[in-house]
Amino acid sequence: MKWNRVDMKLGVTMLSIFLLVFALLGFVTDRVITKFYIQKSHEENMELAAHFLKMANTQHGINPDAITTMAEFSKVGIHVLDATGAIASRSSNMEQPLEQYLTPSMLHVLQKGQSIDTEITTATGQGFIISGLPLMDRDIFQGSVIMTASLAPIVAFLHNIRQLLLILCIVGMVIGLAFSFVLSRKLTKPIQQMVTATRNIAIGHLDTRVTVSSKDEIGVLAASINDMARDLERYQNTRSEFFANISHDLKTPITYLEGYARVVAERLYESEEEEQQYLMIIHHEAKRLNRLINDLFELSKLEDGQIRLEPETLNLVPLLERILSNVSLNASQKGIELCLQTPASVIQIWGDEGRLEQILVNLLDNAIRYTDQGSITASIEPGTEQCRISIQDTGIGIPEVELPYLFDRLYRVEKSRSRQHGGSGLGLSIVSKLIELHHGQIEVKSRYGQGTCFILTLPHRPH
Ligand code: ATP
Ligand code: MG
C-alpha cells in the first residue's frame, strides 16, 4: 500500500473528517435527546406531585387505593407524609422503603417549605427521579407528597436511540467512504495518467498524449501537457529538419563552387563567354553561401541576446520611401507595382535605423519573392502610443495551418517553395526577434492563393 499516493491521502483525510463529524454529531444528538427526556420526566413528576398535593389539600388526606391506582397508571411511586414527616399513605408499587430514596436532608428541605426535584441512584444501582412538594399552613409543615419515578424506562429508551444513532453513523460512514473512494479515484486517475505520460515524454516518446476529460484545473493541466508534447515533437522535428536543411543548403552551393572552380581551373570551357558564365555562377553561389552563413550567425546572436540596438527617434516616412526605392528594381523586374500609403503628417518612430531597415527589407523581399503578379502596398497608420506598418501583397498566400509556425527558424511553407525561390526560412525568425527587441509586435494575415499581409506595431517613443 503506497501512503504517498494522492488518492490514499485524500481517502484518509476524508475518512478522518467523516469520523470526526459523525462522532461529534452522535455525541451532540445523544446529549440533546438525553437532556430533553430527563427534563421532561422531571416536569411530569413535578406536575404529578402538584396534582396530588392539591388533592391532599382539599380532601384532608387521600384514599390509599386512589394513590395505588394513580401510581400504577402513571408508573411512579407515591408517598404522602404527615406533619411529623412519617408516611401517612403510600402506593403499593414501591419495592423499596422510602428511606432508600428520601434522605434526611431532603426531608429537611421539605419541612422548610421548599420543594425537591433531584435524581438518586439506589444501592442496587437503579436511578430515580425524586420530586417532592410540601404542604404548608401558615409556614408550618403539614405534610408532603413525594413522587419517585424510575429512570430505567428512559435509560432503555435512550439505549435504543443510541443504537439507532450508531447504525446511522455506520451507514453514513460506509456511504461516505464509498463516495470518497470513487471521488478520489476519479480525481487521481487523470493525475496518474499524466504522470505516466510525462515520464514517457521524458524518455523521448513525444507522440504521447493525455485524454482531456474535463474543463477544470486538471483538464487544463492535461491540455498543457499535450501542448508541451506537441511543441517538443515539433521542436525535435524542426531541429532534425534544421540540420537536414542546413546541410543541404550548405552542400548545394559548395558542390557548385567545387565543380565550376575545377572547370575554370582546368580550362574545361570552350569560349571566354563560357568561362565568364561559370565565374558568374561561382560568384552567385558564393554570395548565397555568405548570406546563409551571415543569417545563421545573426539568428544565433539574436537568440543568445548578443545583439544590442542603438535606438533613436526616426522619421518613418522617408525611411520607408528609401527602402521601397531600394527594392523597387527587384519588384519592377517581376512586373510588380509598389505602393506607399502614408498620412501627410510627420510620423516619428523609436528604433534602430539599420535594424528597422533589415526588418522591412526582409518583409518586402518576401512579398516580392512570393508574389507573381499584382502589387505590394506598404501603409502606415499612426496611433497614440504605437504605429502600425503593414505590408500587403497579392501573392501566393500562406495556408492557415502554416501561420502559427511561420516565425520558427528555418520554417518554410511547402519545403519546395522556398528552395525554388532560394530562401532558407531564416528571414522571418530574424524579423520577429528584431521586433521583440524593439518592444513591438508582428502578426500575419493571409489567404491562400490571394495574398499576405504582415502587420508590425512599433512604439512611437522610447519605453
Ligand atoms: P530567407 O531566409 O531567405 O528569408 P525564406 O523567405 O524562405 O528565406 P522566411 O522569410 O522566414 O524565409 O519565410 C518563411 C516562409 O514563409 C517562406 O519560405 C515562405 O514560404 C513563407 N512566406 C513568407 N512571406 C511570404 C509572403 N509574403 N507570401 C507568401 N509566403 C510567404
Ligand atoms: Mg524571407
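1. Arg267 is found in the loop between helix 5 (217-265) and helix 6 (272-303); helices here are DSSP runs of H or I with at least four residues, strands are E runs of at least two, and both are numbered from the N terminus. Arg267 has a positive phi of about 50° although it is not a glycine. The residue is exposed, at 62% relative accessible area (exposed is over 50%, buried under 20%, partly exposed in between, with a 1.4 Å probe and protein chains only).

2. Before going on: this is a predicted model, where local features need pLDDT of at least 70 and side-chain atom pairs count only at pLDDT 80 or more, while totals for chains, interfaces and linings use all residues. Residues are numbered from 1 along each chain as its sequence is written, and side-chain values use heavy atoms, with hydrogens and water left out.

3. Asp139 also deserves a look: its phi is positive, about 65°, and it is not a glycine. Asp139 sits in the loop between strand 4 (127-137) and strand 5 (140-150), and is exposed with a relative accessible area of 74%. For background, most residues other than glycine have a negative phi.

4. Leaving aside neighbours within four places in sequence, Leu363 is in contact (heavy atoms within 4.5 Å) with Ile391, Leu428, Val431, Ile442, Phe454 and Leu456.

Technical notes:
Chains lettered and ligands numbered in written order.
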